[in-house]
Amino acid sequence: MNLFRLAFLNATRNRTRSLLTAGIIVGGTALFIIAMSWLDGVWGQILEEGTLQGGHIEVVTPEYRARASLRPQDENIDDLAPVLDALRSHEGVVEAHPIIETGATLTVGEEIGDIFGAVMGAEERYFTEYMDVDSKLVEGRWLKEGAGELVLGWKLAQRTGAKLGDEVVLLGVTQDGSMSPSKGTLVGIARSGSPLIDRRVFVDLAAAQWSLDLEGGAMKVLVWGEDREEVDELHASVAALPALAGLDVGSWKTLPPWGGQLGMMDAIRFVLMFMIAFLAGLGVWNTMMMSVLERTNEIGVLRAMGMTRAGAVFLFLFEGVAIAILGGIGGVIAGVLPTLYMSKNGFSYPESMMAKMEFALPTTLYAELSSEIVALAFMTAIFTAVIGTMLPALRAATIQPDSAMRRN
Amino acid sequence: MMNRTTLTLLAALLATPLVAPPPASAEDAPAAAPAEEMTVQQILDAIDANMVFESRTTKIKMTVEGKKRTRTFEMISYGRGKDDSAMEYVTPAREKGTKMLKLGDDMWMYLPSVDRTQKISGHMLRKGMMGSDLSYDDMMTTEQMAQMYTPTLLGSEDIDGRPAWKIELVANDESVAYPKRLQWVDKELFIPVQQELFALSGMKLKSWRMGKIKEFEGGRQFPTWMEIVDEVKSDSKTTLEFGEMTFGVELESEIFSQRWLERK
């Protein structure tokens, strides 16, 4: 008990130094909370949007998977119906949607031009509920299935000069490589800042199937479960469906673009956490070491009066932890307040920054504050203080009473 | 003369009349010299006598065997003079009414489903026509391209049990689609029965085989079957079968106009 009292008194003896130490802890803890909340928030949004648009599970042919980055037009699921039936009736599957992605040159007017657009064909619900393209319409309305209508990204509309009501001619290729001309009436123009919307042509699934000469087929089927984080079990059960025999079933956790990045994000989190803790620990060590050096005589006297080595260690440890608790509380307040603000109001960035993204991300990003981050930050503050204090405390324990008292 | 050699193959492919001045008939072929003593030029003249014509119509059945499925197209082809040819797709329903027109070095394609005419040029010329092993460029080969090749008689080989000359054609201008060609020409019928096309790197791009040679009016020999394999594509083969072939017919001049392309 005396050690605690003595440690507390020591902490208040040199208030400037103690405040400096606490300030380092406050800064480190606050930075930890802000950085981790931003990282979790932005990464969470990326994952949410990415898996919302790209599905939790992707079903393709093995040949398509082998060349997936090239989006081969000739490696398709030819008979879609049994695959969709099996998936849509499978327990745990929330929705399954067939997708066709191809390319075509666009023409408005008589002369066939050379403006290239990425054509996407899917069922309406995928476009409206998962890609959310309809909410990004800046002109017109969403297309009606089977009506020969299409929606253009605004960049394509701008380049072709297409206006609502114009007949847009698409010149693509079939899965066999034949020229594949088709046309549709422009009923909407969508804009998001992402090329995935701004440079795309949206058509209904039947039109895309016709364009690719793939009646009743699709390039891939995207599947969503209840929770993307719990995809492993669903992935295993879907892969075992007899109707999917011979097809390649992959989960977002293993497929590009997320597969290789989950481990990387964990590494980034660890490095960030380590750097903040290291800098804070260095600060604590520095001030505690100064404290030990200043109080060498005093420690010598205490040791001569019977204080054990362990007592000397604990004296400084208690002092460090006491400062860390105060600094940690201050850091939590200093970190939580701005994070709360940013989790409600977010940070907006220009659309142009999305130009090279592989998916349509919202232009406002939000921090995501969680009790886990706050607890981790506080615990890290204490841990850092213990580590930072340990060396000076061990040094204090090695002080010999006689030599310490002879210094003055 | 070199240009005639190259064009004979294209004539068989497209039913396109290819070389001016008006071609010799089979009777004019320089067949007097014994086959083994003929020069490469005489061989090419003999081929021209068979393959070159003033006008022709034919039905073409094109079968494209792909990796997953086989597709069959039927076309009616018209050829007139040195530069002009026209073709209309009859089946399948998806392609019905699609027309192609070649006037000199220019080629257009009419796409009935969108009622538009597409000029075929640039990189599109080397793409597979209807996904076949036959490119638009193969169809566009003209006298100018043919003049870029220098022939060399390499010797004789048996093809399907028949004696044939092996002729190498090397392009003087390396920018052509096929800088080197090897041809095997039947010694008795004066018809190229096999051809291999190479890139500048030496990689084989295409292999052609021609057969079912029939005798037509005036003693003209002509292949009515052709198989083309694009060696760069995998698991693909295109077969052309020529039926109801008529030479020297009177053709409407409107066929060789852009007005014909869009005529319903």
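Residues count from 1 along each chain as its sequence is written, while chains are lettered from A and ligands numbered from 1 in the order in which they are written. Since this is a predicted model, local features need pLDDT of at least 70 and side-chain atom pairs count only at pLDDT 80 or more, whereas totals for chains, interfaces and linings use all residues.

Chain A splits into domain 1 (2-51 + 261-406) and domain 2 (56-251), with bounds that come from an automatic or database domain assignment. Taken over C-alpha atoms, the centres of domain 1 of chain A and domain 2 of chain A sit 49 Å apart.

Helices and strands here are DSSP runs, numbered from the N terminus (helices are H or I with at least four residues, strands are E with at least two). Two packed helices are described by the angle between their axes and the distance between the axes. For helix H2 (residues 15-54) of chain A and helix H12 (residues 309-345) of chain A, the angle is about 35 degrees and the axes are 7 Å apart. Those axes are lines fitted to C-alpha atoms, for helices over the stretch in contact, and angles run from 0 to 180 degrees between N-to-C directions. H2(A) and H12(A) cross in the right-handed sense, that is, with the near helix turned clockwise from the far one by less than a right angle. What does the contact of H2(A) with H12(A) look like by class? It has 14 nonpolar, 13 polar and no charged residues. In this scheme Ala, Val, Leu, Ile, Met, Phe, Trp, Tyr, Cys and Pro are nonpolar, Asp, Glu, Lys and Arg are charged, and the others, Gly among them, are polar.

Strand E10 (residues 248-251) of chain A has two faces: Val249(A) and Ser251(A) are on the covered one, Asp248(A) and Gly250(A) on the uncovered one. E10(A) runs antiparallel to strand E1 (residues 57-60) of chain A, joined by four bridges; strands pair if DSSP finds at least two bridges between them. Within this pair, Val60(A) stands opposite Asp248(A).

**Where the chains meet**

Twelve residues from chain A and twelve residues from chain B make up the contact, where two residues touch if their C-beta atoms, placed from the backbone, lie within 7 Å. On the chain A side, strand E6 (167-173) and strand E7 (179-190) each supply at least two residues. E7(A) gives the largest share, three residues. By class, this side of chain A has four nonpolar, four polar and four charged residues.

**Chain B and its strand pairs**

Chain B comes to five helices and 13 strands. Of its 264 residues, 44% are buried (20 or more other C-beta atoms within 10 Å of the residue's own; exposed is 12 or fewer, partly exposed in between, with C-beta atoms placed from the backbone). Among contacts between residues at least 6 apart in sequence, 51% join residues at least 24 apart.

| Strands | Bridges | Facing residues |
|---|---|---|
| E7 (149-159) and E8 (162-171) | ten bridges | Thr152(B) and Glu168(B) |
| E1 (55-65) and E13 (237-247) | nine bridges | Thr57(B) and Thr246(B) |
| E12 (221-230) and E13 (237-247) | four bridges | Trp225(B) and Glu241(B) |

E7(B) and E8(B) form a hairpin with two residues between them, and Asp160(B) in the turn has a positive phi of about 50 degrees. The hairpin of E12(B) and E13(B) has six residues between the strands, with Asp235(B) at a positive phi near 50 degrees.

Which residues of chain B does a cis peptide bond join? Thr91(B) and Pro92(B), with omega about 0 degrees. Pro92(B) lies in the loop between strand E3 (84-91) and strand E4 (99-103) of chain B.

Over in chain A, Arg71(A) has a positive phi of about 45 degrees without being a glycine. Its loop runs between helix H3 (62-66) and helix H4 (80-88). Arg71(A) counts as partly exposed because it has 14 C-beta neighbours inside 10 Å. Asp213(A), also not a glycine, has a positive phi near 55 degrees and lies in the loop between helix H8 (205-212) and strand E9 (220-224). Asp213(A) counts as buried because 21 C-beta neighbours fall inside 10 Å.

Finally, Lys127(B) lies in the loop between strand E6 (116-119) and helix H3 (136-140) of chain B. Lys127(B) is partly exposed, with 17 other C-beta atoms within 10 Å. Leaving out residues up to four places away in sequence, Lys127(B) touches Ser135(B) and Tyr136(B).
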